[in-house]
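These are my notebook entries on one structure. I put down what I looked up, in the order I looked.

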Amino acid sequence: MKKSKEIGLDFIIDKLTNSIENVLTGDSFATDISILKSSDLKSLSKKNKWQFNWTEEFEQPERDVYKLTIVNNSTIIQGLISLEVKSDHVYMHLVESAPFNKGKTKVYSGVPGNLVAFACKLSFQRGHEGNVSFLSKTQLVEHYEKTLGAFHFGGRVMIIETKAALKLINKYFQSQ
Amino acid sequence: MKTKKSELDVDFIGGQSALTAAEEKALSDFFKQRKISSSNPSIKQRRRSKRRQKVHS
């Protein structure tokens with residue numbers, strides 16, 4: 001029997017409006033973050049150059065997948081994040097920028113930072129003081145320390161604590 | 001003068017492999033400990049004074 005995903009959100013996410021920047025023109029575009037729908041999955045295939053299997057992520061009952069879109073252009077997904085609210089913090093399973101927002105030829109910048117700040121915000125909303133953990137590749141530990149204020153917990157694990165989380169939220173969700 | 005860019009510049013974070021049981025436990029212990037010390041500041045103070053005693057002895 002096919003397992004159907006139950007999205008058991010018991011809180012209302014207020015409209016998260018922020019912006020991402022067009023790398024070429026420098027223009028800013030306001031963005032929304034909302035829960036991914038099953039109808040979105042069709043466009044998120046490896047054939048469409050998404051690196052990870054988002055259907056698998058979507059089907060995990062304990063995880064919630066959110067999409068970042070530009071306001072009034074909700075059909076084009078700019079990036080995705082998969083989160084799990086644990087008993088004491090939020091665990092960030094996966095963040096991926098849309099294929100056209102990757103590498104040197106990316107169209108928009110600010111996508112991953114925006115999504116990580118959202119994870120911190122969710123952690124506060126769930127009473128976990130902004131604490132977020134995630135796995136890092138060894139060579140990116142320093143980059144995450146600098147850009148996210150995360151600390152290296154040990155092995156592959158990194159943690160964003162309250163102070164760093166607040167900084168990220170202030171940076172990416174200034175208007176709220 | 002050129003300023004150093006401190007913007008998060010990665011295409012993805014994390015992966016589809018799960019945390020190991022040891023990682024789960026270490027995280028759980030860490031947050032448990034953190035909660036205890038934040039809800040009971042006297043623990044922190046006791047630790048600090050212990051440290052001070054060591055220095056003076």
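Where in chain A is A:Leu44 found? I found A:Leu44 in the loop between β2 (28-35) and α1 (54-59) of chain A; helices (H or I, at least four residues) and strands (E, at least two) are DSSP runs, numbered from the N terminus.

I noted that this is a predicted model, where local features need pLDDT of at least 70, side-chain atom pairs count only at pLDDT 80 or more, and totals for chains, interfaces and linings use all residues. Residues are numbered from 1 along each chain as its sequence is written, chains are lettered from A and ligands numbered from 1 in the order in which they are written, and side-chain values use heavy atoms, with hydrogens and water left out.

Next I checked cover. A:Leu44 has a relative accessible area of 4%, so A:Leu44 counts as buried (buried is under 20%, exposed over 50%, partly exposed in between; 1.4 Å probe, protein chains only). Leaving aside neighbours within four places in sequence, A:Leu44 is in contact (heavy atoms within 4.5 Å) with residues including A:Trp50, A:Phe52 and A:Ile77.

A:Ile76 lies in strand β4 (residues 73-85) of chain A. I list A:Ile76 as partly exposed because its relative accessible area is 38%.

Then I turned to the two chains. I read that 24 residues of chain B are in contact with 44 residues of chain A. The count between chain B and chain A is 5 salt bridges (a side-chain nitrogen of Lys or Arg within 4 Å of a carboxyl oxygen of Asp or Glu). A:Lys106 forms a salt bridge with B:Asp9, and the closest N and O atoms are 2.7 Å apart.
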